[in-house]
Amino acid sequence: MELAKYLDHTILGAAATEADVDRVVAEAKEHGFATVMVNPYWVARVSKALEGTTVKPACVIGFPLGANTTAIKVAEAKQAIEDGVEELDMVINIGELKGKNYEAVQNDINAVVEVAHASSKLVKVIIETALLTDEEIAKVSELVMNSGAEFVKTSTGFSTSGAKLEDVKLMKATVGDKTEVKASGGIHNAEEANAFIDAGATRLGTSASIKIIGK
C-alpha cells in the first residue's frame, strides 16, 4: 500500500519556526504526502512553496479548542483561502455538543463548510473523540455528514488522547460512504497507519510521516 498518499504531514506545535515549517514542506514534496498541515499563520508560505506539486497546503481552523465564535472561524477560513489553502480542518464547538445544543454545533460547521465550498476547498471536521461518548461520536458524525463536509476527523492531537480504532469504526459505520474519515493523533508507524486504514480511514494526520513510510 502506498501510505504516503494517505498522510497529512503535520506541524502544529506552538514553537514551530520558519525553518521547521520549511523542512516539513521539503519532506512532503520529496515523499508525495497528501498535504502539509500547518497553523493558519504559515499558509501563505506553505502554499507558495508547494506550487507546481501534487502536495496541497492545509491548515487548522478554530484550533485546538473549537471554542472560537463562528464568525471568527469563518474569518479564519476566509483568510486561509485567500492565502492559498486547499484543505481546512476545523474544530467543532465541543462544549455545545456536550450540552446537546446540536443546532449550534450544526450551524458552526455549516458556516465554515459554506465558505470553503464557495471557493471549492475541502473541509475536515475535527470532533475530538477523546472527550466524547460513543453516543456523542455518532451524533456529531451525523452532523458533519449533514453539513456536506468531506471528512469527519477524530482528533486535534492536543487533547487527552488521539485516534482510536474503535472510534474510527464507529464514525465510519455512522457516515457510510457519504463522508470520509480522517484519523489523527498518536499514529506512529506503518502498522498503526494500516490498521486505521483497514478500520475505514482514508486520510491520516501525523507528524511521524517519515517513520510511517519507512524512510
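Predicted model: local features only at pLDDT ≥ 70, side-chain atom pairs only at ≥ 80, totals over all residues.
Visitor: How many aromatic pairs does the structure hold?

Guide: The structure holds 2 aromatic pairs. In one of them, the ring centres of Y41 and W42 are 4.9 Å apart and the planes stand at 90°, so this pair is edge-to-face.

Visitor: Why is an angle of 90° called edge-to-face?

Guide: Planes over 60 degrees apart count as edge-to-face, and the planes of Y41 and W42 are at 90°.

Visitor: Is Y41 buried or exposed?

Guide: Y41 is exposed, and its relative accessible area is 70%.

Visitor: And W42, buried or exposed?

Guide: W42 is buried, with a relative accessible area of 16%.

Visitor: What about the rings of F63 and F158?

Guide: Their centres lie 5.2 Å apart and their planes are at 85°, so F63 and F158 also form an edge-to-face pair.

Visitor: Where do F63 and F158 lie?

Guide: F63 belongs to the loop between β3 (56-61) and α3 (70-82), while F158 belongs to the loop between β6 (151-153) and α7 (165-175). The pair therefore ties together parts that are 95 residues apart in sequence.

Visitor: How accessible are they?

Guide: F63 counts as buried, at 18% relative accessibility. F158 is partly exposed, with a relative accessible area of 46%.

Visitor: New topic. What sits over the ring of Y102?

Guide: The charged end of K139 does, at 4.8 Å from the centre of the Y102 ring.

Visitor: Now to E87. Where is it found?

Guide: E87 is in strand β4, which covers residues 87-91. E87 counts as buried, at 2% relative accessibility.

Visitor: Which residues is E87 in contact with, leaving aside its neighbours within four places in sequence?

Guide: Apart from those neighbours, E87 is in contact with D8, T35, K56, P57, A58, C59, L122, K124 and R203.

Visitor: Let us turn to helices. How do α3 and α5 meet?

Guide: The axes of α3 and helix α5 (residues 102-118) come within 9 Å and cross at roughly 20°. The two helices are therefore roughly parallel to each other, and their crossing is right-handed.

Visitor: Which residues meet there?

Guide: From α3, T70, K73, V74, A77, K78 and I81 take part; they meet D108, A111, V112, V115 and A116 of α5.

Visitor: Tell me about K73. Which helix holds it?

Guide: K73 has its place in helix α3. K73 counts as buried, with 0% relative accessibility.

Visitor: Which residues does K73 touch beyond its neighbours within four places in sequence?

Guide: K73 is then in contact with I61, G62, G66, N68, M90, V91, I92, N93, D108 and V112. Of these, M90 is 17 residues from K73 along the chain, and their C-alpha atoms are separated by 8.0 Å.

Visitor: Which residues make the contact?

Guide: On the α6 side they are D134, I137, A138, S141, E142 and M145. On the α7 side they are D167, L170, M171, T174 and V175.

Conventions
Residues numbered from 1 in each chain as written. Heavy atoms only, no water. Phe/Tyr/Trp six-rings, centres within 6.5 Å; stacked < 30°, edge-to-face > 60°. Buried < 20%, exposed > 50% of the residue type's maximum accessible area, 1.4 Å probe, protein only. Helix = DSSP H or I, 4+ residues; strand = E, 2+ residues; numbered from the N terminus. Lys NZ or Arg CZ within 6 Å of the ring centre and 35° of its normal. Contact = heavy atoms within 4.5 Å. Axes fitted to C-alpha atoms, helices over the stretch in contact; angles between N-to-C directions. Parallel < 35°, antiparallel > 145°, perpendicular 65-115°, else oblique. Left-handed = near helix turned anticlockwise from the far one by under 90°.
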